Amino acid sequence: MNELWLKARLHYEMFGHKDKLYDYQKAYFNVINKPLSTSRLMAVDLEMTGLDPLKDEIISIGIVPIELDTIPCSIPLTKAQQCMVNIDGSVGQSATVHGIVDQHVSEGASLIDAMEWFIDRTQGHILVAHHAPMDISFIQSHLAKVYNRQIRLPFIDTLATEKQRLLRQHDVLKEGSLRLDACRQRYGLPTYSGHAALVDAIACAELFIAQVNSIGDSQKLAVSEFISI
């Protein structure tokens, strides 16, 4: 994405505001003009009650930093964190997907506390997720519930990166070839059992490092080349 256009977009959304979201977006200016190798990145994954960001709810958030400035690139698991979110109502049939039941979320943080937790820990980082538009749209809608305004969040999508790579090699992609585990297998990464936000955030972080290594020297790549918004 064009760096100047991205900055202009952020300035436009920040104009006239002086709140926590203003500070969150302002912190992006210290990241989006840097080489990929020195950019602060945070892999994120969510578990939700459904797929509609306006009607369904976040029940779990997993995050883990990605450090590309070390040799080899690293994922500091001591900094990996997960937040369960208490919701109004039941997780319903979504429990069959993620295994999280009503008792688990009843012990979680309130939505206000969960969004503040997310803001505090990810500020100044570019978010990295697999099928990122889905996760990012949920975060945006839930931030809007707490802070009463909608903002855009720059992100890197490992699914989109993989899709571009595969389409350079094949005219048609097989069904399921862009699922997280299928993408990981192509780089020789192991299969993780279970389906949880923290595990999937770590799996996404590992996939992104593998993708960067396959592309080339991260010191010569600008992070803005990978960003969508």
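Helices (H or I, at least four residues) and strands (E, at least two) are DSSP runs, numbered from the N terminus. This is a predicted model, in which local features need pLDDT of at least 70, side-chain atom pairs count only at pLDDT 80 or more, and totals for chains, interfaces and linings use all residues. Residues are numbered from 1 along each chain as its sequence is written, and side-chain values use heavy atoms, with hydrogens and water left out.

**Stop 1**

Select methionine 134, which lies in helix α6. Contact here means heavy atoms within 4.5 Å. With neighbours within four places in sequence left aside, methionine 134 is in contact with Met48 and Leu51. For a distance check, draw a line from the C-alpha of methionine 134 to that of valine 85: the two are 18 Å apart in space and 49 residues apart in sequence.

Stay in α6, residues 132-147, and go to glutamine 140. Glutamine 140 is buried, because its relative accessible area is 14%. A polar atom of its side chain lies 3.1 Å from the backbone oxygen of isoleucine 151. The contacts of glutamine 140, apart from neighbours within four places in sequence, are Gln150, Ile151, Arg152 and Leu153.

Now select histidine 131, in the loop between β4 (126-129) and α6. Its phi is near 60°, a positive value in a residue other than glycine. At 40% relative accessibility, histidine 131 is partly exposed.

Then select asparagine 148, in the loop between α6 and β5. Asparagine 148 is not a glycine either, yet has a positive phi of about 65°. Its relative accessibility is 67%, so asparagine 148 counts as exposed.

**Stop 2: strand β5**

Move to isoleucine 156 in strand β5, residues 155-157. This residue counts as buried because its relative accessibility is 0%. Show its surroundings: not counting residues up to four places away in sequence, isoleucine 156 touches Leu41, Ile126, Leu127, Val128, Ala129, Ala132, Phe208, Val223, Phe226 and Ile227.

**Stop 3: helix α7**

Select glutamate 162, found in helix α7, residues 158-167. Is glutamate 162 buried or exposed? At 0% relative accessibility, glutamate 162 counts as buried.

Next, look at its polar contacts (pairs of N or O atoms within 3.5 Å; within protein, one must be able to donate a hydrogen and the other to accept it, and residues adjacent in sequence count only if both atoms are side-chain atoms). The side chain of glutamate 162 makes one of 2.7 Å with the side chain of tyrosine 187 and one of 3.0 Å with that of arginine 165. Apart from neighbours within four places in sequence, glutamate 162 is in contact with Leu178, Cys183, Arg186, Tyr187 and Gln211.

With a relative accessible area of 31%, alanine 160 is partly exposed.

**Stop 4: helix α9**

Select residues 197-215, the 19 residues of helix α9. From first C-alpha to last, α9 reaches 27 Å, close to the 27 Å expected at 1.5 Å a residue; the expected span is 1.5 Å times one less than the number of residues. Of the 19 residues in α9, 14 are buried. Just after α9, glycine 216 takes a positive phi of about 150°.

**Stop 5: the largest pocket**

A pocket is an open set of points on a 1 Å grid over the protein atoms alone, where a 1.4 Å probe fits, with protein on both sides within 12 Å along at least five of seven lines; lining residues have an atom within 4 Å of a point. The largest pocket has a volume of about 580 Å³. To find it, select Asp45, Leu46, Glu47, His195 and Asp200, the closest to its centre of the 27 lining residues. Two or more lining residues come from each of β1 (41-48), α3 (95-98), α6, α8 (180-186) and α9. Which element gives the largest share of the lining? That is β1, with four residues. Colouring the lining by class gives 11 nonpolar, nine polar and seven charged residues.

Methods
Buried < 20%, exposed > 50% of the residue type's maximum accessible area, 1.4 Å probe, protein only. Points joined across faces, edges and corners; volume = space filled by probe spheres on them. Nonpolar A, V, L, I, M, F, W, Y, C, P; charged D, E, K, R; others polar.
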